[in-house]
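Welcome! Here is a short briefing to read with the sequence and the 3D structure side by side. Take your time and find each place in the viewer as you go.

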Amino acid sequence: MPELFSPLMLREVSLRNRIMMSPMCMYSAGEDGLATDWHLAHYVSRANGGVGLIITEATAVEARGRISQVDLGLWDDAQIEPVARLVRLCQEQGAKVGVQLAHAGRKAWSARRGFGPVTPVGPSAIPFADDWATPHALTSAELDQIENAFAAAARRAEAAGFDAIEIHAAHGYLLHEFLSPLSNTRDDAYGGSLENQSRLLLRVVDAVRPIWPARKPLLVRL
């Protein structure tokens with residue numbers, strides 16, 4: 001506690017204090033994944049209140065990877081400027097801003113229990129619960145697309161001026177689904193052993209790190 005209000009360096013990013021606002025899903029974006037004025041009020045008020053590091057809500061790397069149809073996204077270049085404005089305004093108030101890059105996997109469109117405009121995806125064709133949609137089991141080639149989606153979102157995050165990236169690999173979403181034998185029953189290079197179950201997450205980290213500036217922190221939520 002004595003150091004709570006003292007500065008902290010994460011790589012070359014200097015935080016004014018050690019207070020971090022964790023990502024919270026707010027379900028307030030447009031169906032196009034664009035940030036709105038609501039997000040400006042929500043995040044800039046926290047920056048003005050003195051938070052050192054703000055990490056924005058789960059931001060989808062694919063449209064089909066949203067938790068709900070009104071989640072933020074970074075799967076399209078049109079989504080860069082709305083979040084860039086948010087980042088700039090928070091930074092003007094002295095806060096640093098990170099983005100949580102996420103893919104909901106089989107828990108996509110959770111307001112309708114996986115029944116959305118497109119079929120959800122996962123490591124295996126196992127629904128999250130009995131009344132949820134059965135996901136499509138991703139092929140090896142489709143896993144390449146997932147890796148590329150995270151990398152492309154990281155490029156957009158850099159273009160938007162974010163100070164940090166957090167890769168979401170927890171809470172039962174896609175990357176976490178590969179880590180769990182409850183959702184991953186594959187018998188290929190992505191299932192079975194812990195090494196195999198971790199393969200997609202490590203691929204995503206390895207794809208993002210060379211794109212994301214070395215001076216900025218890359219975090220993983222497990």
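Is Arg85 buried, partly exposed or exposed? Arg85 is partly exposed, because its relative accessible area is 42%. Before going on, please keep in mind that this is a predicted model. Let us start with the whole protein and then visit some of its parts.

**The whole protein**
- The protein is built with six helices and nine strands.
- Its radius of gyration is 17 Å, close to the 17 Å that the globule rule gives for 222 residues, so the protein is as compact as a globular protein of that length.
- The C-alpha trace spans about 50 × 35 × 35 Å along the principal axes.
- Of the 222 residues, 50% are buried.
- Looking at contacts with a separation of 6 or more, 67% are between residues 24 or more positions apart.

**Helix H6 and its buried side**
- Helix H6 runs over residues 199-208, and its buried residues are Leu200, Leu201, Val204, Val205, Ala207 and Val208.
- These residues sit on the same side of H6, because they cover an arc of only 165° around the axis.

**Where H3 meets H6**
- The axes of H3 and H6 cross at roughly 35° and come within 9 Å.
- The crossing of H3 past H6 is right-handed.
- On the H3 side, the contact is made by Leu143, Asp144, Glu147, Phe150, Ala151 and Ala154, while H6 brings in Leu200, Arg203, Val204, Ala207 and Val208.
- Sorted by class, this contact of H3 with H6 has eight nonpolar residues, three charged residues and no polar ones.

**Leu218, in strand E9**
- Leu218 belongs to strand E9.
- With a relative accessibility of 17%, Leu218 counts as buried, since the cut-off for buried is under 20%.
- Leaving out residues up to four places away in sequence, Leu218 touches Ile165, Ile167, Val205, Val208, Arg209 and Trp212.
- Leu218 and Arg11 are 207 residues apart along the chain, and their C-alpha atoms are separated by 9.4 Å.

**Arg85, in helix H2**
- Back to the residue from the opening question: Arg85 lies in helix H2, which covers residues 80-92.
- Leaving out residues up to four places away in sequence, Arg85 touches Asp37 and Leu40.

**Two residues with positive phi**
- Trp109 is not a glycine, but its phi is positive, near 55°.
- You can find Trp109 in the loop between strand E5 (96-102) and strand E6 (121-122).
- Is Trp109 buried or exposed? Trp109 counts as buried, because its relative accessibility is 3%.
- His171 is also not a glycine, and its phi is positive at about 60°.
- The loop between E8 and H4 holds His171.
- His171 is partly exposed, with a relative accessible area of 49%.

Definitions and conventions: Residues numbered from 1 in each chain as written. Predicted model: local features only at pLDDT ≥ 70, side-chain atom pairs only at ≥ 80, totals over all residues. Heavy atoms only, no water. Buried < 20%, exposed > 50% of the residue type's maximum accessible area, 1.4 Å probe, protein only. Helix = DSSP H or I, 4+ residues; strand = E, 2+ residues; numbered from the N terminus. Arc of directions from axis to C-beta. Axes fitted to C-alpha atoms, helices over the stretch in contact; angles between N-to-C directions. Left-handed = near helix turned anticlockwise from the far one by under 90°. Contact = heavy atoms within 4.5 Å. Nonpolar A, V, L, I, M, F, W, Y, C, P; charged D, E, K, R; others polar. Rg over C-alpha atoms; globule rule 2.2 N^0.38 Å.
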